[in-house]
Amino acid sequence: MLNGNILKRCAAVIAAALLLAGCVLQSPEPLFAEGDGAHALAPVAKSYRAEVYENDAWKRQNGSAIFTSEGNHYVMSNSKDKDVMEMLFVELGKARYVVQTQDHKQSTDPYIYFFADVRGDGIYLAIPDCDKLKTLPGVKEEVVFENYDCILKGKPARPFFASLAGEMKDWKMRLVPEK
């Protein structure tokens, strides 16, 4: 299970729903290098408000997420404190990305992975649920399911992540550009 600090920080920075779903897809080492990153947010905005889909409606969360481009990744900060997280958006095609991030304060924490779908009205986020991953074909060859964790083996290729992104049905969070 991930350290509670990363769950709290991601929840505070992006929104409560992002990582509170339980276990997340993770790896002890980064799977993608700086050169793999793409400027996914450049055409959209720099500052976003988070919304979570609950009870058939989008509900605004407190605070804002600010993304600053540095090289091929983004440094995400928030309007509440000075904490930052680096986020590497790796293109999977059709404006869909796998996002790799790690808590800077807890550099021994694993890298975590989730999906972003960049649309005209914002960035939709989906977190792969470990229970759902267990049921998908070909996943057990790439992921170790240990207790409540789902840990990537080796370095799966982009087609593996593109396949997982295609299975995501619950885009329960979005980042809406602020004006």
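A nonpolar core here is a set of buried Ala, Val, Leu, Ile, Met, Phe, Trp, Tyr and Cys residues joined through side-chain atoms within 4.5 Å, where buried means under 20% relative accessible area, exposed over 50% and partly exposed in between (1.4 Å probe, protein chains only). This is a predicted model, in which local features need pLDDT of at least 70 and side-chain atom pairs count only at pLDDT 80 or more, while totals for chains, interfaces and linings use all residues. Residues are numbered from 1 along each chain as its sequence is written, and side-chain values use heavy atoms, with hydrogens and water left out.

**The cores**

- The largest nonpolar core has 26 residues, and L25, F115 and F161 touch the most other members.
- Two or more residues each come from β5 (84–93), β7 (111–119), β8 (122–126), α2 (130–134), β10 (149–152) and α3 (158–167); helices (H or I, at least four residues) and strands (E, at least two) are DSSP runs numbered from the N terminus.
- α3 is the top contributor to this core, giving four residues.
- Beyond its neighbours within four places in sequence, L25 is in contact (heavy atoms within 4.5 Å) with Y111, I112, Y113, P128, L133, V143, C150, L152, F161 and L164.
- There's also a second, separate core of 25 residues, with M76, I112, I123 and L125 among them.

**D117, a charged residue inside**

- D117 sits in strand β7 and is buried, at a relative accessible area of 8%.
- Its side chain makes polar contacts with the side chains of R96 (3.2 Å) and R119 (3.1 Å). A polar contact is a pair of N or O atoms within 3.5 Å; within protein, one must be able to donate a hydrogen and the other to accept it, and residues adjacent in sequence count only if both atoms are side-chain atoms.
- Setting aside neighbours within four places in sequence, D117 is in contact with K94, A95, R96, G122, I123, Y124 and W171.

**Around L88**

- E86, M87, L88, Q100 and Y111 lie nearest the centre of the second largest pocket, which has 13 lining residues. A pocket is an open set of points on a 1 Å grid over the protein atoms alone where a 1.4 Å probe fits, with protein on both sides within 12 Å along at least five of seven lines; lining residues have an atom within 4 Å of a point.
- β5 and β6 (96–103) each supply at least two residues of that lining.
- A33, in the loop between β1 (25–27) and β2 (47–54), is partly exposed at 46% relative accessible area.
- The C-alpha atoms of A33 and L88 are 8.6 Å apart, though 55 residues separate the two along the chain.
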